[in-house]
2 protein chains.
Amino acid sequence: MSSPDAAPVELQPPGTHFLAEIRTQPDALRALLEHSGDYARVAAIARDRGATTVRMVGHGSSDNAASYGVYAFGLLPRWTALRDSITLTVYYRTPLDMSGSTVIALSQSGRTPDVIEYVTRARQAGALTIALTNDAASDLAAEAEAVLPLAAGREQAVAATKTYLNQIAALGLFAAHAAGEGRAFAEGVHSTAGLLEAMIPVLEPQVRRLALPFASVGRMFVIGRGTEFATAREIALKLLETCRIAAEPLTATDLAHGPVAALDPLFPVWTIASHDDSLPAVVEAAGRVREAGATLVATGDAADAIAGADYVLRTPKPPSPLLSPLLSVVPGQLFAWAAARAKGLDPDRPEGLAKITFAR
Amino acid sequence: MSSPDAAPVELQPPGTHFLAEIRTQPDALRALLEHSGDYARVAAIARDRGATTVRMVGHGSSDNAASYGVYAFGLLPRWTALRDSITLTVYYRTPLDMSGSTVIALSQSGRTPDVIEYVTRARQAGALTIALTNDAASDLAAEAEAVLPLAAGREQAVAATKTYLNQIAALGLFAAHAAGEGRAFAEGVHSTAGLLEAMIPVLEPQVRRLALPFASVGRMFVIGRGTEFATAREIALKLLETCRIAAEPLTATDLAHGPVAALDPLFPVWTIASHDDSLPAVVEAAGRVREAGATLVATGDAADAIAGADYVLRTPKPPSPLLSPLLSVVPGQLFAWAAARAKGLDPDRPEGLAKITFAR
């Protein structure tokens with residue numbers, strides 16, 4: 001595997017960076033773990049201050065990672081974490097009391113304007129503010145009280161892969177340190193990086209075969225529940241931005257509350273089934289999808305629990321259910337790459353997108 | 001306008017209930033206001049207990065209404081409100097400390113299984129629990145410490161309309177009473193009901209004309225920000241469940257972080273533009289949509305601020321920006337009715353859906 005920095009972009013086929021960055025995710029996770037001490041130190045500050053309401057802000061993949069954070073903070077230190085409204089603070093200028101809050105601002109580039117402005121205001125409102133970014137010299141890092149390095153290495157494809165994976169691992173690591181379980185979690189991430197490394201070459205030919213029938217698909221649902229709802233959101237976003245598929249993430253239960261009515265055999269559904277206590281809800285949702293006659297893709301370490309799936313992409317079982325999202329998103333990333341190529345699109349540079357988004 | 005109870009379902013054309021219920025929304029809002037005293041009483045209990053973290057739970061339209069609640073509680077009593085994870089409490093059984101929390105469980109029927117179970121556990125965890133339901137004799141009402149009547153009257157169409165509108169008005173009313181501004185808010189809702197009554201007959205022929213070109217549309221984005229993100233979610237859900245359109249709600253800023261790459265002239269975008277401080281972000285997003293060549297529908301009381309829209313559906317300006325969502329969702333409801341009819345579908349009984357959802 002060549003380094004993404006080895007040759008000029010122009011000489012490489014479309015999607016070269018995207019695929020290379022998917023493949024380097026095990027290394028990116030290991031690089032994050034080298035900073036475990038920083039995470040322990042900042043988590044101790046949050047704990048000592050009693051700043052146990054966690055407000056996460058970010059857009060796109062960063063906001064998807066925050067969906068995982070809700071579970072990491074709930075399950076480990078039992079703190080209440082939320083994806084906070086940027087609009088309430090930045091546009092409506094609502095003076096909320098944020099003493100007792102830890103703000104985690106997620107931005108790969110550290111340059112997202114309304115995230116930076118949110119941090120400025122949250123700090124004034126009494127929150128402990130933390131920048132979780134790939135660029136420790138960014139404006140976001142300067143604005144926040146503490147900086148946690150994402151340590152994913154330079155990401156060249158516009159569509160995020162390794163920065164997303166490191167964001168969820170980073171949120172888990174921070175939550176684990178807050179609960180006094182940082183060392184065990186870091187060891188779990190390390191083992192999971194090894195599983196990921198072995199899994200990717202097995203999945204690549206499988207997703208290539210799946211991408212062909214999906215080359216003409218224009219819409220799709222992606223279903224996950226609990227910790228895997230973040231995965232559903234992230235896979236749907238990859239399909240939207242790299243393959244122009246109108247993919248919508250849904251929790252297993254939300255599907256039954258309306259969207260199931262839109263299904264038919266030409267409307268495929270991607271399900272993420274992992275071994276955790278929400279698995280029965282996902283299995284039940286998959287049953288509804290099958291009843292509607294929709295084409296069903298089953299993925300995750302409990303993919304075999306989904307009866308009657310048309311396509312199955314298995315992932316290995318990690319040391320704990322909280323680590324499953326580090327593996328279950330990868331079939332979706334690889335599928336986005338393969339489907340984009342099957343459609344003649346370039347996942348490194350989707351039309352209308354830039355690597356750093358200055359949109360307000 | 002005939003009462004929805006006047007004739008047996010079988011003798012009426014498809015969508016009769018759905019349309020009748022859209023039209024009766026002004027009356028449903030007025031019926032809610034008769035219970036303003038109940039809202040004042042329960043809001044005082046929450047305030048006296050210091051239960052100022054608001055955890056809202058619900059599925060489908062109820063969860064969409066909760067998105068509005070985030071802003072109502074933030075802007076009025078300046079409380080932090082979140083759409084809480086049901087999975088964390090019900091499936092993962094995480095023992096969160098909920099003293100200091102008010103739980104608002106939203107369920108039209110009061111019979112959604114995991115919402116009821118969430119309330120049981122939240123009450124054990126120390127939360128003040130409130131059922132906001134159309135059925136004061138339901139299991140949910142019995143399980144919660146306090147019951148707030150939705151007072152929307154019987155809803156017969158499977159797809160929610162007046163219960164959604166009353167849910168957002170109810171959340172606003174509760175938040176306003178918590179802030180000591182209940183009377184002014186109730187007067188605002190009353191005026192808005194009058195505006196709604198005048199608006200519906202004007203919009204009906206407009207949406208009928210719009211529905212024809214959209215009869216062959218299979219996918220769509222619906223864009224709103226701040227208080228109108230709830231509206232975007234609710235309109236997208238109506239289109240999914242009644243018209244089989246894969247409609248995805250996005251905040252104005254999220255659009256730029258990926259989804260814009262999927263747009264083309266055959267991928268329409270519905271924008272909700274209201275006069276509030278987030279309007280510039282919506283105008284900027286609409287500009288990106290136009291650059292991508294997508295067909296643009298502009299709605300809301302600031303619809304004219306969206307330059308170059310292909311279709312415009314104006315709504316009147318209510319007494320305060322927090323009331324706009326009571327009006328801006330209605331063009332979407334009426335459009336869902338007209339598009340469903342243009343496609344030969346029955347919005348009263350979408351395939352695969354039941355009025356009460358027992359899915360877990």
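Visitor: How much area do chain B and chain A bury between them?

Guide: This is a predicted model, in which local features need pLDDT of at least 70 and side-chain atom pairs count only at pLDDT 80 or more, while totals for chains, interfaces and linings use all residues. Residues are numbered from 1 along each chain as its sequence is written, chains are lettered from A and ligands numbered from 1 in the order in which they are written, and side-chain values use heavy atoms, with hydrogens and water left out. Buried area is the accessible area (1.4 Å probe) that two parts lose on being put together, summed over both. Of the area buried here, 58% is on carbon and sulfur atoms, and the total for chain B and chain A is about 5,300 Å².

Visitor: Which residues of chain B lose the most area to chain A?

Guide: The contact, meaning heavy atoms within 4.5 Å, takes 62 residues from chain B and 62 residues from chain A. Three residues of chain B together give 13% of what that side buries, and they are B:Tyr92, B:Arg244 and B:His257.

Visitor: Why can one say that the copies meet through the same surface?

Guide: Chain B can be laid on chain A by a turn of 180° and a shift of 0.0 Å along the axis, with an RMSD of 0.0 Å, where the copies are superposed by least squares on the C-alpha atoms of residues with pLDDT of at least 70 in both. That is the relation of a two-fold axis. The copies meet through the same surface because the share of interface residues of chain B that are also interface residues in chain A is 100%.

Visitor: How many salt bridges are there between chain B and chain A?

Guide: Side chains of opposite charge can pair when their charged atoms come close. A salt bridge is a side-chain nitrogen of Lys or Arg within 4 Å of a carboxyl oxygen of Asp or Glu, and one between the chains joins A:Asp114 to B:Arg225 at 3.1 Å, N to O. The structure holds 36 salt bridges over all chains, and the count between chain B and chain A is four.

Visitor: Is A:Ser278 buried or exposed?

Guide: A:Ser278 lies in the loop between strand E8 (269-272) and helix H12 (279-291) of chain A; helices (H or I, at least four residues) and strands (E, at least two) are DSSP runs, numbered from the N terminus. Buried means under 20% relative accessible area, exposed over 50%, and partly exposed in between (1.4 Å probe, protein chains only). With a relative accessible area of 2%, A:Ser278 is buried.

Visitor: Which residue's side chain makes a polar contact with the side chain of A:Thr231?

Guide: A:Thr231 has its place in helix H10 of chain A, and it is buried, with a relative accessible area of 0%. A polar contact is a pair of N or O atoms within 3.5 Å; within protein, one must be able to donate a hydrogen and the other to accept it, and residues adjacent in sequence count only if both atoms are side-chain atoms. At 2.6 Å, the partner of the A:Thr231 side chain is the side chain of A:Glu228.

Visitor: How many residues apart are B:Lys238 and B:Glu241 in helix H10 of chain B?

Guide: B:Lys238 forms a salt bridge with B:Glu241, the closest N and O atoms being 2.8 Å apart. B:Lys238 is buried, with a relative accessible area of 0%, and B:Glu241 also counts as buried, at 6% relative accessibility. An α-helix has 3.6 residues a turn, so residues three or four places apart point the same way. In helix H10 of chain B, B:Lys238 and B:Glu241 are about one turn apart, a spacing of three residues.
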